[in-house]
Amino acid sequence: MTLLLNNDEIAQLISTRECIEILDQGYRECGLGRAAHRRRSNVIVPTGEGRTYVFANFEGTVIKDGYHAIRLRSDVNEWLDEKGGRTTKWASRPGLYCGLALLYNIHTGELDGILNDGYLQVMRVGATSAVAGKYLSREDSSVLGIIGGGNQARSHAQAMCAIRSIKKIKVHSLRPQSREAFARAMEARLGVEVRPVETMEQAFAGSDIVCACTDSPRPFVQAAWLEPGMFLSSARPFGEVGREPLAAFDVAVVHERGFGPRFRPVDAEQRNPSAPMALGGKDERDLPSEITLSELCAGLAKGRTGREQKTYFANNEGHGVQFSVAGAFVLKRAQERGLGRYLPTEWFLQDIST
């Protein structure tokens with residue numbers, strides 16, 4: 001039987017703390033070569049009248065969890081002004097979305113689960129930043145800065161509070177009402193002081209951890225805001241951090257190579273030092289070595305090694321490992337607790353032998 005789960009059911013089946021632990025294990029498996037994944041691809045089709053159709057998907061398998069996951073999204077993207085500066089996306093009608101995670105059993109080839117992806121989609125981004133935070137932030141971190149006031153900002157606040165004893169959160173969003181609403185909601189949910197601040201710089205000042213969770217198309221992080229001992233995560237490496245601050249970091253980790261910021265290759269020390277590679281007008285030797293989250297979790301690379309180090313995680317691009325391990329966890333727990341509804345597996349199989 002194929003189990004179908006909606007977002008409300010999934011919310012009952014996995015906590016932020018559990019998701020962080022599961023992803024940490026998944027990235028470790030990936031780093032040790034016991035997983036496979038395909039990077040995200042987008043099919044974009046203009047359909048006229050200021051609209052495009054977008055189909056996005058990525059996939060992955062973590063062998064020990066037993067499932068190959070395909071996460072897919074089907075959207076109509078619509079421009080809200082003639083210049084294309086503001087867009088919205090929807091499926092069927094504004095306010096509805098079509099995102100699914102399909103879980104295939106790697107031992108039988110059958111489709112065992114169909115999950116609405118909305119709840120896991122947001123949780124896994126914050127949880128991934130928190131996995132990096134376990135290795136890159138100071139253990140005594142107590143002040144968290146948040147840039148942004150939407151769902152990803154809330155997910156990151158919950159995730160960082162799950163790995164560190166956060167005592168105070170400062171939040172900046174461009175709209176005062178957004179940061180004030182965030183402060184009220186998260187203070188009630190997390191039981192810590194949450195203070196809205198008027199500028200980004202104020203959110204950085206004195207923070208041990210800063211999470212940039214915006215949809216900004218232009219970089220805004222200033223190198224001067226990065227204080228000794230700070231850990232910064234960015235959900236949009238192209239739009240939030242840019243090139244200029246990169247040389248300020250002592251340790252930099254990317255979710256995946258080849259998308260987002262590029263740092264100095266790990267073996268760059270072996271190259272001829274008289275012929276450095278330029279990157280955005282900056283000598284590559286000024287940049288930290290580039291390592292991936294999988295390498296970090298597998299112990300193949302070091303994270304923070306000093307209290308005063310400035311560390312960075314570029315949470316670039318989705319990863320099939322996330323939905324393979326989190327989806328397997330949710331599916332098993334749903335079966336144990338009797339949640340969801342079953343569809344006949346035969347509906348998804350066919351006999352093509354004749």
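Two strands count as paired if DSSP finds at least two bridges between them. I kept that in mind while opening this model, which is a predicted one.

**Entry 1: the antiparallel strands**

I began with strand β4, residues 67-79, and found eight bridges joining it to β6, with the two running antiparallel. One spot to look at is S74, which stands opposite C98 in β6. Next I followed β6 to its other partner on my list, strand β7 (residues 111-116). Those two are antiparallel as well, joined by five bridges. Here L100 stands opposite N116 in β7. Between β6 and β7 the hairpin has five residues, and G109 in it takes a positive phi near 80°.

As a reminder to myself, strands of a sheet pair through backbone hydrogen bonds, in either the parallel or the antiparallel sense.

**Entry 2: the open sheet**

Which order do the strands of the eight-stranded open sheet follow? I read it as β10-β9-β8-β11-β12-β17-β13-β16, and the pairing is parallel. At the edges sit β10 (193-196) and β16 (290-292), each of which pairs on one side only. On average, neighbouring strands of this sheet are turned by 20° against each other, ignoring direction.

I then zoomed in on one pair. Strand β11, residues 209-212, and β12 share four bridges in the parallel sense. I209 has F231 in β12 as its bridge partner.

Helix α3 (residues 118-136) lies across β12, β13 (251-254) and β17 (311-314), and runs at about 160° to β17. Helix α5 (residues 176-190) lies across β8 (143-147), β9 (168-172) and β10, and it runs at about 180° to β10.

**Entry 3: a serine in β12**

Is S234 buried or exposed? I had found S234 in strand β12, residues 231-234. S234 counts as buried because its relative accessibility is 0%, and the cut-off for buried is under 20%. Leaving out residues up to four places away in sequence, S234 touches A212, E240, V241, Y312, F313, A314 and N315.

**Entry 4: the nonpolar cores**

How many residues make up the largest nonpolar core? I noted 62, and the ones with the most contacts inside it are L144, I146, I169, F182 and L293. Helix α9 (residues 320-337) gives the most to this core, namely eight residues. Apart from this core lies another, of 22 residues, including V210, V221, L232 and Y312.

Not counting residues up to four places away in sequence, L293 touches Y27, T128, V131, A132, V253, V254, H255 and F313.

Most residues other than glycine have a negative phi.

E49 is one: its phi is positive, about 55°, although E49 is not a glycine. I located E49 in the loop between β2 (35-48) and β3 (51-62). E49 counts as exposed because its relative accessibility is 76%, and exposed means over 50%.

S92 is another non-glycine residue with a positive phi, of about 75°. Where does S92 lie? I found S92 in the loop between β5 (87-90) and β6 (98-105). With a relative accessible area of 69%, S92 is exposed too.

Conventions: Residues numbered from 1 in each chain as written. Predicted model: local features only at pLDDT ≥ 70, side-chain atom pairs only at ≥ 80, totals over all residues. Heavy atoms only, no water. Core = buried A, V, L, I, M, F, W, Y, C linked by side-chain atoms within 4.5 Å. Buried < 20%, exposed > 50% of the residue type's maximum accessible area, 1.4 Å probe, protein only. Contact = heavy atoms within 4.5 Å. Axes fitted to C-alpha atoms, helices over the stretch in contact; angles between N-to-C directions.
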